[in-house]
Amino acid sequence: MSSSASRNFAERQDIDPHNPPENVLIIPDDSSLADALFILLVRPGGYELMVWLATKIIVSRNIQVWMADFGDIVKSDIGLAQMVRAFVALMMHMTRENEDVDQFSAILNAIHRRIAVGMYKTLDQSKNEVRLLRIHPVPENQPQENVQGHPELVSCSLEIHSLDDQDLKFDALSYVWGDSIQVLPVFIDGKVFLVTRNLFEALETFRNNNTLPSLLWVDAICINQQDSQERNHQVTLMARLYSQAEKVRIWIGPETEHTAVLFDKLEDCGGDQNRPGAGIMKAIHLADVESGSIHGLLDLLSRKWWTRLWVVQEAGLAKDPRIHCGSQEFDFRRLEDILVNLTTMIGEKERSSPAYGALSQSALAQVQRLSFTLDMTRYGGNMNPTNLLDSTSHCDSTVPHDRLYALLGLLPPTLEIIPAYEASVEEVFESAAFRIMQWSGSLDLLRITALMHNRKLDLPSWVPELGNTVDGLNLYKSAAQFKADMGASCSVSQERPRRLTIRVLIFDEVAASIELLPLHTDRPNPSTLDHVRQRLKACREFVQYHLPTHEIDDFTFWQALSTDKVLRPGLGARRWNEDKRNSGLEIEWSRFIQDDSYIMEEDTKNLLMSSIWAAHSHSRLFVTTGGRLGIVDGSVIERGDVLVILAGSKEPAVLRPAPEDGLRAFKFVQNCYCQGVMDGEAVVEAYEKRNGKDESLARSLRDASVANRSSATRYKFRDSQSADFWVRLQEGIDPLFVPTVLM
């Protein structure tokens, strides 16, 4: 900052650049640095002194030089000396010269609260007003660097605009906030405002590269973060902000020599539009592990932006997303296509290379998941809430409320979820879970819920802990193939907080369970084949021991272990009887675990590894008192847990009795696969126990379960006994399903 700029800044802050403010309080001698700064902030005159000190340090850009220049002031006043010592320590911490992090985090928040006072003008919510940032260029007659060789601080101003203005043009920033302790100052309407280093570098780069957007929306600056009511309302406008923006500028971070090489290669990928990854593919094929392009990919994809939850909405709704890495810029959707194609276009030769291994095992898999979710947001309109929450469970969110609010613009408006950051996260999650079940008319949300031992929040068992949800049991990823409830109408109600009333049919009980495949490695590979053999053999012996009279044959055993799905490359999951090629597969797999010397064909081995090992390596196999086999993912189930059909759920579930005040109450453990009930057989069995065996009825009901849940099904069976039962199921009045409370 030039000396004239320093004087102007001081005048705007009513500060004498040569003399500190008078009447500054004295701080006790035994005060810690943190105590000194707190006293400094809350007592009269303290804030003015802090700004005066900040001005001097910012101007000099050198703490030690500044201390030497103003040493006499420090020596003449003990109280002032303590303040200066505290503030200098804080400024040194901002430059990572001080490693004591915890004591300053609250201080920085306090500084932000004081700085924000008077900076923000009230927004008119009825006009959908927002603040937009205008970044000022460096004046033509002023160099970008000051006399000390440091860049000039970024200067901006805030303007209020209405999103209802059809002529409004602006860009929006998508970025990672970063370390809240490591902050740097920018000027907002002449006042010092602290932002994280990552945001500072983005604003500075946009200004210095002469690629200034006319107006830019930046959440951390444009929203008064200290006003909870404003924050709640602005979150509801984010979908409009990112969909109306002319460009969404994705700041991935500063460039490196490797990313510079990568972006040059990316520009070469545009020649063959039918093969968007051809240029990078060639680079990987020709280069060794030291290639700049490969390291550039690893560098780029290791940035935290790719795992941030908010980017699903920000990039998914963008008209024209542009990715910025330092001074380099590229079309984000082209980059996304290139990255997704990398995993499908690389042949076996490249797959065996260390370079590809480093890519495929970490970053590219993450990008594929993000891309899949982004595609759903672009082409699917308002998404099914359960699918959206499930597909984003791997993403990161600093504020727990944002597990829900970051996706608000992608959820159906009729859910009527209103942001409330002042509420506890438990209240937010419980309210949202109940609304989603009511709105959808199903219990699909339960398939991402589990009574896990590592839950961090005090939630009812039926409420998913977003960000810590079930992920892994292949059954859940294609639940539509099952119809365990035969289309029974879903009914949910909540008379008291934390209690959910649903309708349940109990059909069996857990007798024993065993961990299916305890992992030695995180990924399936040939070196684990012997381990797989021994574990599967143990599972077979477990079944024979606990169900000696039920004669579980090979087909039944393997069908249960694979949750009735065989995963073939390029075809996804298909049920055993849907593909003739699965015939005899159980014989090969059984021989594999019975004969240690038997070597399976490669395709047969791969099917075993994908359908059982990769899909269920964290699962438990259980047997029931009724002689059934089942799979539950990850949860620790107990003897005496009951197996139920939930009206409104395509899969059965495990519940744990938890009677309270005479209530028929349970804790929800998890959805599960249970052999012999996935197509409605438990419902038919319960009906026949009450009304007597009827083969034609059972056949009719099974046929009906295949049909869509519509009134057409009623007319198909209107002249049979099954019609009345079917109608009662659909309308939720059949007594087979009993009202039950989940705690």
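1. A search of the whole structure, which is a predicted model, finds 12 aromatic pairs, where rings of Phe, Tyr and Trp (its six-membered ring) pair if their centres lie within 6.5 Å, and planes under 30 degrees apart count as stacked, over 60 as edge-to-face and the rest as tilted. One of these is formed by phenylalanine 206 and tryptophan 251, an edge-to-face pair with 6.1 Å centre to centre and 80° between the planes. The pair links distant parts of the chain, since phenylalanine 206 belongs to helix α8 (residues 197-208) and tryptophan 251 to strand β7 (residues 248-253), 45 residues apart. Both phenylalanine 206 and tryptophan 251 are buried, a word that stands for under 20% relative accessible area, with exposed over 50% and partly exposed in between (1.4 Å probe, protein chains only). Elsewhere, Phe555, Phe557, Trp558, Trp576 and Trp589 come together as one aromatic cluster.

2. On how the model should be read: residues are numbered from 1 along each chain as its sequence is written, and side-chain values use heavy atoms, with hydrogens and water left out. In this predicted model, local features need pLDDT of at least 70 and side-chain atom pairs count only at pLDDT 80 or more, whereas totals for chains, interfaces and linings use all residues.

3. The confidence deserves a remark of its own, pLDDT being the predictor's confidence in each residue, from 0 to 100. Its mean over the protein is 75, and 64% of the residues reach 70 or more. Confidence is lowest in helix α1 (residues 3-12), at a mean of 36, and highest in strand β6 (residues 216-217), at 98. Over residues 285-289 pLDDT stays under 50, and the model has seven contacts for them beyond four places in sequence, a contact meaning heavy atoms within 4.5 Å. Residues 347-351 also have pLDDT below 50, and this stretch has six contacts in the model beyond near neighbours in sequence. Where pLDDT is low, the predicted coordinates should not be read in detail.

4. As to the overall layout, the protein has 30 helices and 19 strands, taken as DSSP runs (helices H or I, at least four residues; strands E, at least two) and numbered from the N terminus. Buried residues make up 54% of its 743 residues. Of the contacts with a separation of 6 or more, 70% are between residues 24 or more positions apart.

5. The largest nonpolar core has 116 residues, of which Leu133, Trp217, Trp305 and Trp306 touch the most other members; such a core is a set of buried Ala, Val, Leu, Ile, Met, Phe, Trp, Tyr and Cys residues joined through side-chain atoms within 4.5 Å. Helix α21 gives the most to this core, with eight residues. A second, separate core of 62 residues includes Trp576, Ala682, Tyr687 and Leu729. Just after α21, glycine 441 takes a positive phi of about 65°.

6. Valine 235, in helix α10 (residues 228-236), counts as buried because its relative accessibility is 5%. Leaving aside residues up to four places away in sequence, valine 235 touches Trp310, Tyr405, Leu408, Pro419 and Tyr421. Valine 235 and leucine 408 are 173 residues apart in sequence, yet 8.1 Å apart in space, C-alpha to C-alpha.

7. Arginine 231 lies over the face of tyrosine 421, at 4.0 Å from the ring centre, and the charged end of arginine 540 sits over the ring of phenylalanine 557, 4.9 Å from its centre.

8. Methionine 486 has a positive phi of about 55° although it is not a glycine; this methionine 486 lies in the loop between α22 (474-477) and β10 and is buried, with a relative accessible area of 1%. Aspartate 564, likewise not a glycine, has a positive phi of about 60°. Aspartate 564 is found in the loop between α24 (554-561) and β11 (566-568), and with a relative accessible area of 4% it is buried.

Note on methods:
Lys NZ or Arg CZ within 6 Å of the ring centre and 35° of its normal.
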